[in-house]
Amino acid sequence: MDSLVVGERQILGQLRDAYDQCKAWGLTGDGIRLVIQHTVVAAKAVYAQTRIGDKPVSVASLAIQQLLKSGLPTDARIIMIGAGQTNMLVAKFLHKHHFHHVTVFNRSLDKAQAIADMLGGRALPFNALSSYTEGFDCMIVCTGAAEPIITESLYASWLQGETDPTMVIDLAIPTM
Ligand SMILES: NC(=O)c1ccc[n+]([C@@H]2O[C@H](COP(=O)([O-])OP(=O)(O)OC[C@H]3O[C@@H](n4cnc5c(N)ncnc54)[C@H](OP(=O)(O)O)[C@@H]3O)[C@@H](O)[C@H]2O)c1
């Protein structure tokens, strides 16, 4: 009910995953099972009986709308940090809108490579972040890290003295 993006389908999937995980850990009983069951039935009824799903929205699609509104050119230098489900979705939108100058950083390089291949961009390991010196026009960050990744000093080192405005899109807040 408190979702930033009302009707975001991903939330129902996250609820189910969280329930399955808690069940596997032996943390749930009949009360929670019934609440989840009824919640899923109610959510499906809302999707089926209203127009909430007519124009699917997600945090990723809203972020891209803002990015497009900003007038960022399609050859802008974009760095993407994290290559999980959310940034994969963002990458699909970037591809649709012909952004192609994208560098993807991730701990698991294969996932970064999958996104880079789709966009014709480049994949780099997560630990290459600290030595990155090529600048950027837009940073899109979304990881499950519990600690801040982009520190003030790291950010300053990336700017390399550039004073042109840069866009930062942080999709990991609030974290689960
Ligand atoms: N604003 C919102 O409403 C919203 C929407 C969607 C997601 N989120 C939040 O964004 C976060 C990521 O979501 P997701 O759907 O992309 O999750 P995901 O599919 O599980 O992917 C997690 C990503 O974070 C990376 N990662 C995890 N721990 C890390 C660490 N300690 N250091 C560096 N990288 C780390 C993973 O790298 P590896 O591939 O190497 O494991 C992967 O790229 C979650 O916390 C989620 O709650 C918020």
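The model is predicted, so local features need pLDDT of at least 70 and side-chain atom pairs count only at pLDDT 80 or more, while totals for chains, interfaces and linings use all residues. Residues are numbered from 1 along each chain as its sequence is written, and side-chain values use heavy atoms, with hydrogens and water left out.

The chain has six helices and five strands. Both kinds of element are DSSP runs numbered from the N terminus, helices being H or I with at least four residues and strands E with at least two. Read from the N terminus, their order is α-α-α-β-α-β-α-β-β-α-β. Along the principal axes, the C-alpha atoms fill a box of roughly 60 × 35 × 30 Å. Of the 176 residues in the chain, 31% are buried; buried means under 20% relative accessible area, exposed over 50%, and partly exposed in between, with a 1.4 Å probe and protein chains only. Contact means heavy atoms within 4.5 Å. Among contacts between residues at least 6 apart in sequence, 66% join residues at least 24 apart.

The helix pair comes next. Two packed helices are described by the angle between their axes and the distance between the axes. Helix 1 (residues 9–24) packs with helix 2 (residues 30–49) at an angle of about 165°, and their axes are 11 Å apart. Here axes are lines fitted to C-alpha atoms, for helices over the stretch in contact, and angles run from 0 to 180 degrees between N-to-C directions. Helix 1 and helix 2 are therefore roughly antiparallel; angles over 145 degrees fall in that class, under 35 count as roughly parallel, 65 to 115 as roughly perpendicular and the rest as oblique. The crossing of helix 1 past helix 2 is left-handed, a term used if the near helix is turned anticlockwise from the far one by less than a right angle, clockwise being right-handed.

From helix 1, Arg9, Leu12, Leu15, Arg16 and Tyr19 meet Ile32, Arg33, Ile36, Thr39, Val40, Ala43, Lys44 and Tyr47 of helix 2. By class, this contact has eight nonpolar, one polar and four charged residues. Ala, Val, Leu, Ile, Met, Phe, Trp, Tyr, Cys and Pro count as nonpolar, Asp, Glu, Lys and Arg as charged, and the others, Gly among them, as polar.

The structure holds four salt bridges, each a side-chain nitrogen of Lys or Arg within 4 Å of a carboxyl oxygen of Asp or Glu. One of them joins the side chains of Arg33 and Asp30 (3.3 Å, N to O). Both residues lie in helix 2, three residues apart, about one turn of the helix. Arg33 is partly exposed at 33% relative accessibility, whereas Asp30 is exposed at 52%.

Asp54 and Arg51 also form a salt bridge (2.9 Å, N to O). Asp54, at 47%, is partly exposed, and Arg51, at 68%, is exposed.

In another salt bridge, the closest N and O atoms of Arg77 and Asp137 are 3.0 Å apart. This pair links distant parts of the chain, 60 residues apart: Arg77 is in the loop between helix 3 (59–69) and strand 1 (78–81), and Asp137 in the loop between strand 3 (122–125) and strand 4 (138–141). Arg77 is partly exposed at 21%, as is Asp137 at 22%.

Finally, Ser58 sits in the loop between helix 2 and helix 3. Its relative accessibility is 11%, so Ser58 counts as buried. Apart from neighbours within four places in sequence, Ser58 is in contact with Val5, Glu8, Leu89 and Phe93.
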